[in-house]
Amino acid sequence: MAEPKNDPAEKMRTLLAGGKNSPLGRLPKKTNGASFLPPKEEKKAGTATESKGASFLRSVPKKSETPRAAPTPVSPSKGMSFNFGPPFWTIASVLSLTVNVILIIVLLVVLLNVKNLNLGSAMDIGNGLLGGLYTNFEKMDNAHITKTIPVNTTIPVKFDLQLNQQTDVVLSQDVTIRRALVTVNITNALATIVLPKDTILPITLNLTVPVDKEVPVVLDVAVDIPLAETQLHEPFSGLQKVVQPFYCMLNPAALRLDGQPVCK
């Protein structure tokens, strides 16, 4: 068995451990990236390294360039898509600018000619317009729908007429009553009696008369419907209330059709 001091494995472990007795522990340590070699030796070592790298690069054979495949053409139907947004916004912007320019021109023309406007005539126009609207709405509310409707038709009549009353019957001809019992001066004598024509006999009618017939109806029916009593009254009245404030601003002394003031 080998001694511990002469054992090669023990010596290798001591060398790698870097203790105080290890040769590696006695070597100078590198600080702040400084080199252990003197400047001249360091330069020589760097030059030698670069020359070795260059020779290594020269010795490496170049890779053979493989030919690239031709690009596959893209179908126009798959690669191209129509974008609707930009043309739409472009057209909308042009139209908007055109309308704005026209409005600005109209406004400038009105401002330049505002001195030539007759405010009195403008007030008269407004008064006539609003007054006409208010008066016509009032006339519509007071209007009547009048119409004569001709009726020419038949009405079926079917019912039972119950009769129970006293009435007089006039004989239309002579009526003979045979074997009638007559009491005059002779008791229970048989005789023949003749009732002459136009004799009036009082009788009692008690019977049911069935009626089933179509009755013709021919007449003219007059129709008169006031709109103030229909559902149209509310909208006509509402339209008068809408026009009334503006009408009163231009004509505070306005009158209704019945002579009452509009502006109360």
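**View 1. The one disulfide in the structure joins C248 to C263.** Here a disulfide means a pair of cysteine sulfur atoms within 2.5 Å, and this link has an S to S distance of 2.0 Å. The model is predicted, so local features need pLDDT of at least 70 and side-chain atom pairs count only at pLDDT 80 or more, while totals for chains, interfaces and linings use all residues. Residues are numbered from 1 along each chain as its sequence is written, and side-chain values use heavy atoms, with hydrogens and water left out.

**View 2. A look at the geometry and setting of the C248 and C263 link.** The angle about the S-S bond is -110°, which makes the link left-handed. C248 sits in helix α6 (residues 233-250) and C263 in the segment after α6, 15 residues apart, and the pair links distant parts of the chain. Helices here are DSSP runs of H or I with at least four residues, numbered from the N terminus. C248 is buried at 17% relative accessible area, whereas C263 comes out partly exposed at 24%. For the cut-offs, buried is under 20% relative accessible area, exposed is over 50% and partly exposed is in between, using a 1.4 Å probe and protein chains only.

**View 3. Y134 and Y247 form a tilted aromatic pair.** The count is one aromatic pair, with ring centres 5.8 Å apart and planes at 40°. Rings of Phe, Tyr and Trp (its six-membered ring) pair if their centres lie within 6.5 Å; planes under 30 degrees apart are stacked, over 60 edge-to-face, and the rest tilted. Y134 belongs to helix α5 (residues 119-142) and Y247 to helix α6, so the pair ties together parts 113 residues apart in sequence. Both tyrosines, Y134 and Y247, are buried.

Technical notes
Helix = DSSP H or I, 4+ residues; strand = E, 2+ residues; numbered from the N terminus.
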